[in-house]
Amino acid sequence: MSQNIGILTAGGDCPGLNAAIRGIGKAALSIGNINVIGFLDGFRGLMEDRTIRLDGKNLSGILTVGGTILGTSRDKPHRMPIGNKVLDMTDKMMETYEKHHLDVLVCLGGGGTQKNAFRLKEKGMNVITLPKTIDNDVGMTDVTFGFDTALGIATDAIDRLHSTAHSHHRIIVVEIMGHNAGWLALGAGVAGGADVILIPEIPYNLETVAEGIRKRSRHGKRFSIVAVAEGALPTEMAERMRPLQEQKLNAEKKSERQQAKEGIAVLEGELKEHTLQLSHQLEEMTNLEARVTILGHLQRGGTPSAADRLLATRLGTACMDYIQDRHFGVMVASRGEGTEPVPLEDVVGKKKLVPPDHHWVTSARNVGTILGD
Ligand code: F6P
């Protein structure tokens, strides 16, 4: 009997998505008698039943291409903007799933996608997920694809900023993506030899950072590279944020969770342009000229690294093995040299942050990098 597989990509795009789609699709082709379709633009395409066939022709030539040939969106099945309303569209998605007689829906995405796929599983769909994001913050997997490429881009940027910072005797504050996780800023900061690395997991004291830079100047080093994660927090802000995050996590009532979310949104509003503010403050406190570089979406663009292609292909082809075993409701995690099917309920809500004693943190401290604490 033939099998039908649907694939979608959701959340922010990243390099390696096409390699994963190809891995799943080509493994299906080599087994034979399997139809693979792709839904366009994430969960919205599933809801609107917009598809393309993922046959030999569409799967060719995509291994090295960045982004996703399927398109993506940040739509959530249970809270989808439709006209001027926000509606739960999971039933509509179930209709599409049944119409195509799908054996399984494969969702490629980050933390949010794991949650959304879990919701569809609870509705009765067979789902499997793959962990992707440049942030590397999905729990229960060693690593996510997309991260290695972004790490390379951010490291290259820091390398290039060194020569101009050095020539002008400036501070260059470089903002690195990662949402609330510091993996990218820390990894690129250590690999690129940033003088200061600020990450959300280690709140920083502004005076400690400024004094570190002044000390460098006193020792004849008249430039400094500050790698700051987009979610980095000064200590006083972290102290205001912590109780709200705890309330959001532990709230028993919906209203309490909502209140915490609103409080967090207010603080995040105060943190807008945080990197620019930091640069101004450091300029004033050190008497050194400062400039800001925001790497932004450059970090998500372009050709995937060899490591990401290998990882995405490994996870994609392993996904096909789990489908053949009808092992559904799991995320295909990267574990050591292999893979592991982790039940989605064990993945949902497990954001992977940088542990303060991680060896990258220790290495940074050992080479004298200022972490601001
Ligand atoms: O999750 C990936 C990511 O690039 C984060 O690092 C960043 O905070 C966010 O997406 C940006 O989202 P968008 O592309 O929707 O602006």
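I count a residue as near a molecule or strand if one of its heavy atoms lies within 4 Å of it. The model is predicted, so I take local features only at pLDDT of at least 70 and side-chain atom pairs only at pLDDT 80 or more, while totals for chains, interfaces and linings use all residues. Residues are numbered from 1 along each chain as its sequence is written, and side-chain values use heavy atoms, with hydrogens and water left out.

**Ligand**

I listed the residues surrounding the ligand: Arg74, Thr133, Ile134, Asp135, Met177, Gly178, His179, Glu230, His297 and Arg300. By class, the shell has two nonpolar, four polar and four charged residues; Asp, Glu, Lys and Arg count as charged, Ala, Val, Leu, Ile, Met, Phe, Trp, Tyr, Cys and Pro as nonpolar, and the others, Gly among them, as polar.

For Asp135 the distance is 2.7 Å. For His297 I get 2.8 Å, and for Arg300 2.8 Å. The ligand taken alone exposes 400 Å², of which the protein buries 70% (Shrake-Rupley method, 1.4 Å probe).

**Domains**

I took the bounds from an automatic or database domain assignment: domain 1 is 3-145 + 304-336, and domain 2 is 150-233 + 271-300 + 355-366. Their C-alpha centres are 35 Å apart. Nine residues from domain 1 and nine residues from domain 2 make the contact (heavy atoms within 4.5 Å). The ligand lies between the domains, because both give residues to its shell.

**Cores**

I looked for sets of buried nonpolar residues (under 20% relative accessible area) joined through side-chain atoms within 4.5 Å. The largest has 80 residues, and Ile7, Leu130 and Ile176 have the most contacts inside it. Apart from it I found another core of 26 residues, including Leu46 and Phe118.

Key: Polar contact = N/O pair within 3.5 Å; in protein donor to acceptor, adjacent residues only side chain to side chain. Buried < 20%, exposed > 50% of the residue type's maximum accessible area, 1.4 Å probe, protein only.
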